[in-house]
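Reader: Could you walk me through this one, please, starting with whatever terms I need?
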Amino acid sequence: MAVSKPQPPSLPPPPPPPAAVEGKPHPTNTRPPISLQPSHNKKNHPSKSNRLFRRFRTVFRSFPIINIPSCKMPVSLHGGRSNDGHIHGGTRMTGTLFGFRKARVNLAIQENSRCLPVLLLELAIPTGKLLQDMGMGLVRVALECEKHPNEKTKIIDEPIWSLYCNGRKSGYAVKREATDDDLNVMQMLHAVSMGAGVLPSEVTSDQQESGDLMYMRTHFERVVGSKDSETYYMLNPDGNNGPELSIFFVRI
């Protein structure tokens with residue numbers, strides 16, 4: 001007579017996933033979809049220098065943040081300003097400074113807050129330090145690169161720059177393509193035209209950084225001097241105290 005083997009006890013079915021509460025996001029790590037629109041002047045195809053950007057950015061992050069005396073960059077508002085703070089001959093853009101307090105600051109320039117960035121720079125300056133200096137007075141950032149004969153590259157498309165902050169050498173700045181984390185930050189701020197504050201660290205996937213992600217968003221005035229010079233002026237909202245931050249792009 002055959003002896004039947006005992007059957008293992010059946011396991012209970014897994015519990016159903018928690019339901020989303022009305023008015024609150026579903027308790028998952030899924031990020032909201034990116035609804036930012038391409039700018040009118042943004043090319044749809046990737047830049048030929050994208051690989052160079054990615055390779056250099058890896059090395060760039062290992063560079064120390066240094067401060068050595070160097071040349072100074074004068075401030076000149078081309079054509080003057082109107083009563084509302086607008087610079088004659090300038091183009092109004094949306095600019096966002098963001099980053100973790102002790103990490104390198106990022107600068108994103110958009111045609112408006114609902115567009116994809118047309119320019120994204122990573123600067124060798126800690127975010128907290130730059131915002132602190134801006135609170136104390138005017139900050140001038142000069143980005144210099146070498147001019148080549150028969151130059152056809154647009155000045156803001158140069159991949160790497162020597163960085164000077166208030167006349168002192170501060171390492172380098174690198175232009176790069178927007179990452180998923182960058183786009184997530186821009187998406188969260190798409191309804192903000194001007195303001196400053198912090199975002200939770202969960203908005204990025206960078207596990208090496210902790211704490212809140214700082215940001216400051218306002219309008220910039222873009223002034224083109226020539227094919228080898230371009231300036232972005234960040235003006236105070238009240239337009240009374242002049243620019244807090246001026247960024248000069250120069251090929252020399």
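Author: Two strands pair if DSSP finds at least two bridges between them, and helices (H or I, at least four residues) and strands (E, at least two) are DSSP runs numbered from the N terminus. This is a predicted model, in which local features need pLDDT of at least 70, side-chain atom pairs count only at pLDDT 80 or more, and totals for chains, interfaces and linings use all residues. Residues are numbered from 1 along each chain as its sequence is written, and side-chain values use heavy atoms, with hydrogens and water left out.

Reader: OK, which residue stands opposite Ile160?
Author: Ile160 stands opposite Val174 in E7, and E6 (residues 160–165) pairs with E7 (residues 168–175) in the antiparallel sense over five bridges.

Reader: And what about the hairpin of E6 and E7?
Author: Two residues lie between the strands of that hairpin, and Asn166 there takes a positive phi near 50°.

Reader: Which residue is opposite Glu144?
Author: Glu144 faces Ser162 in E6, where strand E5 (residues 139–145) and E6 pair in the antiparallel sense over four bridges.

Reader: Switching topic, which residues touch the most other members of the largest nonpolar core?
Author: They are Leu143, Leu245, Ile247 and Phe249, out of 31 residues in that core, a core being a set of buried Ala, Val, Leu, Ile, Met, Phe, Trp, Tyr and Cys residues joined through side-chain atoms within 4.5 Å, with buried meaning under 20% relative accessible area (1.4 Å probe, protein chains only). Strand E4 (residues 119–126) gives the most to this core, with five residues.

Reader: How much of the protein counts as buried?
Author: Of its 252 residues, 41% count as buried.

Definitions and conventions:
Buried < 20%, exposed > 50% of the residue type's maximum accessible area, 1.4 Å probe, protein only.
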